Amino acid sequence: MHYFLDDVLDSIPHWRENPGNHVFILPSKRAGFFLREKLRLKAGKSLILPEIWSIESFVEEISGLQYASPLDLQFLLYKVYLDQKGTEKESFYEFSRWGQLLIQDFNEIDRYLIDSAKLFDYLGNIQELHHWTPDGTSSPMIRKRLAFWKSLYPIYIQFRNTLEQKGLGYQGQIYRKAVLQTPDFIDKNRSKHYFFIGFNALNKAEQDIIQNFLKQENAAICWDADTHYLDDPLHDAGLFMRKYRSQWPYLQKNGLRGIGSHFQNPKNIFVTGLPKAVSQVKYCGDLLQKLSRESMENLDNTALILGDETLLNPMLHSLPSEIGGVNITMGYPLHHSSIAQLFSALFGLFQQKTQDKWRVKSALQIIRHPFLQPFFRDQALNSEKVCAILLKEYPLFVSEKELLEAGVSKDILELLFPHKNLGVHQVIKQFIGLTDQLLPSYRQRNDVLNIEYLDHFKNLFTRLGDLCLQHPFVSDLKALKFLFDQLLSEDSIDFEGEPLKGLQIMGMLESRNLDFKRVIITSVNEGILPSGKTNSSFIPFDVKKEFGLPTYKEKDAVYTYHFYRLIQRAESVHICYNTEPDVLEGGEPSRFISQLLNDPVLSSQIEHRIIAPKTGIHPDAQKAIDKSESLLVRLNEKAKSGFSPTALSDYIKDPILFYKKVILGIKDSEQLEETVAANTFGTVLHKALEDLYRPYEGLFLSPDAIHSMRQKAPELALKSFDQHFLRGMKASGKNLIALRVMEHYLDTFLLMEKDRLKKHKVKLLGVERKLKIPFNTGAQGQEVYLKGTVDRIEEVDGNLRIIDYKTGMVEPRNLRISDWDSLRTDPDKSKAFQVLCYAWLYKQQHSVPNLMAGVISFKNLKTGYQWFGLKEAGRNYDSDLHESVLLNFESQLQMLVEEIFNPNISFEPALT
């Protein structure tokens, strides 16, 4: 196998004669590292190595300026922005949301040597056209917007000048300066030979700099490309080189040096589709294990390219243990660490604090956080118990006193939940103190990694404090959080390893100029490889085209070249893509895969397959539960306390559900309810209706009573909402909407009641009436009680009505039956079953000649009262609960209860 860097050195034999006079410039520092090793191996003796530069460092050397850090650029740009007159100034946090974008645009403008005055004037004129009006008038907001666009050029000029006075610059500024300095630099270094190696997409500044060197006899350029795509006028991989070949005088005369025909050599290309990212990393782990078992030498010439670099952590956990040397070119990003997530959660906690209360959701994040658990154990804090109390008692906000009552010690409160609202410097001091408090717990456990993390973050917060002292405009927690995220994004923990041996794990850009016999590439999906359309810029697409700035089309061509260059010398290529595309894990299979599959030369060498994890068909884990002696004893105990209509409906729906909820007493797990849940909404509405109607119990309802209830309804709804959910907090957001919906329901219902009173006399007999009746099962010595709470009992024109309130959707079909057995077998008839239960319970204690039972569905108020109905001839339904109707229901009830107690009938899961 031929390697590009070997071929380059073999084509320049005279470098050995005087290596100190040779200078090699490459696209990246990593390629320079590999070139240095190649030079050492080929030299065969001790010598002074040639100079090796990355293009960025070389341009910096020519310019005489130094790169400023991203944060320093942000701070300086903000100061320049504040100096501008006639524009409204934003806070540093608001500025930070677009400041970095502006710096990126400045970079592009300078790297491509654009006439900046003309461009910014063009942008300002576009904005004026957008906001043009026939009468020439404009609003203050539009005038401020136009003033901002007009200020961009003065900001650009002042920003550049201020940086240059300090001997600093951003990348584009340094490139533009280097173009001017190149002739002098060449004159001063005429004795040296310059070689530009392995470039592809060059900005205008790089093109000018390289062409200036090529005009001299002591410079050359070597390209890393293949005729397969270079000679194809439609292939994006050769887009830039074809353009340079036709435009550069040097290339018109000398041609492209270093072009090969490697795609003519046979290859084994495997294109594998797998569901989701985790399947890809697991597959790669299995593949590496197979290679290592065949021969460990296989991995010395293997590269694993992570198209999506966020897969680094799961990939590391999927590597087989028998792999020896692994070199990871990427550092482990600190923002992925557990401690980084802890401090981000603390920022959220502090930012959402009210005057004296903490948001429960944020407090739970902290108390549950895995990084704090060793410390909590040392402090004898039962975090699970505290969380259970918060979930049950405090759905929205919790005070310091309530946290103490829940079991949080005063020391932990001061450390994690400080009483005062903290300023920027106090928060930094608090975080440094937290790292000091956590260190002993991890030292005691000899947890080297987390000790390293804590030291690292302590230094980070110390640096953050220094920055805030230097820049007083960082005055709020939002701005501080932005700085924290910026520092975190720039920081990583390096992996130890042998950089030139073993498996190489890297990103796509780090593979430039490097060749491997075996290449494995993950996440080859649209939106990842290539990255797709992204236009984060102040400069519109058409303006970029007009001025010759790169767009997403050129960026796609860059990725196309990297992809094809990576596989052109490889003998074995494994390409993985996600078969289940989504927003986070990329789109459909990449266009690169389609190109390969349709390539006239390569398609015959490709094996395309779809792989899915092995998933056997497992029987339902939920097995039938036999009624043992102890279970029957428990069942009898529950029967004495009483079965409710809801409990019996649960049995009809799913006997296992009845077993868990009624027999075992297992409640639904507590969930944080920041937005009122449907069941809580129902509880609140029931309570509000009870409070409205309770004063009229035993009385005939009148229009005046309804009018009075309508006046009181909003107040009672809020009172009930506060009692069952808000607990002293103000309703806001979705909860405020829920409260308004509840008020609307109540008012609509009461208006409906008012209309009903025009036609009927209504006497309220009971509200939330509790009933409990013994039920005769026929079994000797068996006590069974049925119980329930009837929402409303009333007499309408002398006829009794049992009413059940439902906040969900109920339709007439849910209350109508044609077959009595359906009450025991069809869960859709649970509403009919429940109202019949209430009617039967009431009938056992009261002699009632005429009786009806039904529901009011607040999601279906337009239907009005919906009554139980038994199908008669045709389409008619009888709603009167005659004695025979209740006897038939009692017979069904008897069969249901007997089935529950029958020891020979197990509790079986419902059929799905």
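View 1. His262 counts as buried because its relative accessibility is 13%, where buried means under 20% relative accessible area, exposed over 50%, and partly exposed in between (1.4 Å probe, protein chains only). This is a predicted model, in which local features need pLDDT of at least 70, side-chain atom pairs count only at pLDDT 80 or more, and totals for chains, interfaces and linings use all residues. Residues are numbered from 1 along each chain as its sequence is written, and side-chain values use heavy atoms, with hydrogens and water left out. His262 lies in the loop between β8 (259-260) and β9 (268-274); helices (H or I, at least four residues) and strands (E, at least two) are DSSP runs, numbered from the N terminus. Its side chain makes a polar contact with the side chain of Arg569 (3.5 Å). A polar contact is a pair of N or O atoms within 3.5 Å; within protein, one must be able to donate a hydrogen and the other to accept it, and residues adjacent in sequence count only if both atoms are side-chain atoms. Apart from neighbours within four places in sequence, His262 is in contact (heavy atoms within 4.5 Å) with Asp226, Lys267, Gln568 and Arg569.

**View 2. Helix α11 and its packing.** Phe240, Met241, Arg242 and Tyr244 are buried in helix α11 (residues 239-247). The elements against which the buried residues of α11 pack are α9 (204-214), β7 (225-226), α10 (227-230), α12 (249-254) and α25 (552-568).

**View 3. The four-stranded open sheet.** Pairing is parallel in this open sheet, whose strand order is β2-β1-β5-β6; two strands pair if DSSP finds at least two bridges between them. The edge strands β2 (51-54) and β6 (219-222) each have a single partner strand, so one side of each is left without a neighbour in the sheet. On average, neighbouring strands of this sheet are turned by 20° against each other, direction ignored. Axes are lines fitted to C-alpha atoms, for helices over the stretch in contact, and angles run from 0 to 180 degrees between N-to-C directions. Helix α9 packs on the sheet, touching β5 and β6, and its direction makes about 130° with that of β6. Strands β1 (residues 22-26) and β5 (residues 193-197) run parallel and are joined by four bridges; Ile25 has Phe196 as its bridge partner in β5.

View 4. Seven of the seven residues of β24 (residues 851-857) are buried. Leu851, Ala853, Val855 and Ser857 are on one side, and Met852, Gly854 and Ile856 on the other. β24 pairs in the parallel sense with β22 (residues 799-806) over seven bridges, and Ala853 is the bridge partner of Ile802. With β25 (residues 865-867), β24 runs antiparallel over three bridges; there, Gln866 is the bridge partner of Val855.
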